Amino acid sequence: GNLATAGDLVVFTLNHRLNAFGYAYFGEEDERFADSGTAGMLDIVQALEWVRDNIAAFGGDPGNVTIFGQSGGGSKVAVMMTMPRAKGLFHKAIIQSASSLLQLATPESAARSMYQLQKVLGTERAEDMQQVPVDTLLKAYHAAVKARNGNDSFRPVAGGREIPNHPFDPSAPDLAADVPLMIGSCETEKSFYDVVVDPDKLALTDDDLRQQIARFVGIDEDGSAALIAGYREGRAGMSGRDIYNVITSDHMYRRNGVEAAERKAARGGPAYLYEFTWKTPVLGGMLKSPHTLCIPFAFGNVGIAKEFVGEGPEQDALMARVMGAWIAFARTGNPNHAGLLDWTPFDAEVRATMIFDNDCRVENDPKPEDLARINACPRFISDAQWAEPDAAKV
């Protein structure tokens, strides 16, 4: 409501099927289920078709539609940009804090998850799944994910007719060449999860830090020690937990977001890149710049989010700049406005990046050493972050 009022916009939200309900993949088992693995995305396509056909009755413009999402929603914005059926249904896109926007589930990983789900349920055919009660299916989904050590491939599957390729694939046709993109992340996305960490385990010894970084990033402990040493340069006195959050956030979020901007710019752009470095003062400042921080500022809801972001003139000023950028971008494809100027599109040479903080500013190629260090590490891919318990099904 605040975003709609401030920008004189029509804001439309939707629900769609998730997890096994939206992305259970049956492969080539049955032609009736040929589009399994993409059902949740097809829900979004259908919603946007409704917008095209009906939004004018609400004062909206079907020829000027912006889609935006955060986290998994941000990843699905990227998926929409590569779906032939979605072409023309939206005209601008904003991706906020997405970790899986370059690599979707593969048919192989999705089939392994589906096999585990069928194993839990005792079913063999796709049509048998249609008879399973909702509550039973949901419980089985959680059991299947747990059995695969947390590996959840119930997500959009690339490689079929609805999602022919991974988003921003340089070797695939660019179906969203005419769609401006705004994309970014928060500096310490992973600190969001510190609120559920045992307080006695928040502090990390050097050995803890080295081992946890090695496991998360997928490198050996010598490589982990070198990576940590590099990130500590210029960060004297930063705690082990904070170093952990910066490294894992760069690995899981920032790296993929920057690469998406690079690929978009290389194919004609425009792409506007940002990073939230503003730090919330709540909980003694322990969260720094966590996952979801952008949401209340973009929607103009810092008042109802005060337990998360605090309150005062500092928050109000940042909210005006951020919400203004989202509004301006939705209207014109350019996020600049009276309270936020000089944000130029990203390119491989200048690498302009808007820093959202108390002094919102454009920095060219911020923290290049960190990005180079994390780029030398294995890429974060959701399906690869958890070890398989066995090789019973390939």
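1. In which loop is Asp 365 found? Asp 365 lies in the loop between β6 and α15, where helices (H or I, at least four residues) and strands (E, at least two) are DSSP runs numbered from the N terminus. Although Asp 365 is not a glycine, its phi is positive, at about 55 degrees. With 28% relative accessibility, Asp 365 counts as partly exposed; buried means under 20% relative accessible area, exposed over 50%, and partly exposed in between (1.4 Å probe, protein chains only).

2. On provenance, this is a predicted model, in which local features need pLDDT of at least 70 and side-chain atom pairs count only at pLDDT 80 or more, whereas totals for chains, interfaces and linings use all residues. Residues are numbered from 1 along each chain as its sequence is written, and side-chain values use heavy atoms, with hydrogens and water left out.

3. The loop between β6 (361-364) and α15 also holds Pro 366 and Lys 367. Lys 367, a residue other than glycine, has a positive phi near 50 degrees and is partly exposed at 22% relative accessibility. Pro 366, by contrast, counts as buried at 7%. Pro 366 touches Arg 254, Arg 351, Thr 353 and Ile 355, not counting residues up to four places away in sequence; contact means heavy atoms within 4.5 Å. The C-alpha atoms of Pro 366 and Met 354 are 9.6 Å apart, the two residues being twelve residues apart along the chain.

4. Helix α15 (residues 368-375) has Asp 370, Leu 371 and Ile 374 as its buried residues. Seen down the axis of α15, these fall within an arc of 95 degrees, so they line one face of the helix; the arc is that of the directions from the helix axis to the C-beta atoms. The buried residues of α15 pack against α10 (221-232) and α11 (240-266).

5. Helices α10 and α11 themselves pack at an angle of about 105 degrees, with their axes 10 Å apart. This makes α10 roughly perpendicular to α11. Axes are lines fitted to C-alpha atoms, for helices over the stretch in contact, and angles run from 0 to 180 degrees between N-to-C directions; 65 to 115 degrees counts as roughly perpendicular. On the α10 side, Leu 227, Ile 228, Tyr 231 and Arg 232 meet Gly 240, Ile 243, Val 246, Ile 247 and Asp 250 of α11.

6. The axes of α3 (residues 39-54) and α4 (residues 72-80) come within 11 Å and cross at roughly 75 degrees. Helix α3 is therefore roughly perpendicular to α4. Met 41, Ile 44, Val 45 and Leu 48 of α3 make the contact with Lys 76, Val 79 and Met 80 of α4.

7. In the largest nonpolar core, of 71 residues, Met 80, Phe 90 and Leu 117 touch the most other members. Such a core is a set of buried Ala, Val, Leu, Ile, Met, Phe, Trp, Tyr and Cys residues joined through side-chain atoms within 4.5 Å. Helix α11 supplies the largest share of this core, nine residues. A second, separate core of 25 residues includes Ile 94, Leu 293, Trp 343 and Phe 356.

8. Gly 269 and Pro 270 are joined by a cis peptide bond, with omega about 0 degrees. Pro 270 lies in the loop between α11 and β4 (271-276).

Definitions and conventions:
Angles under 35 degrees count as roughly parallel, over 145 as roughly antiparallel, 65 to 115 as roughly perpendicular and the rest as oblique.
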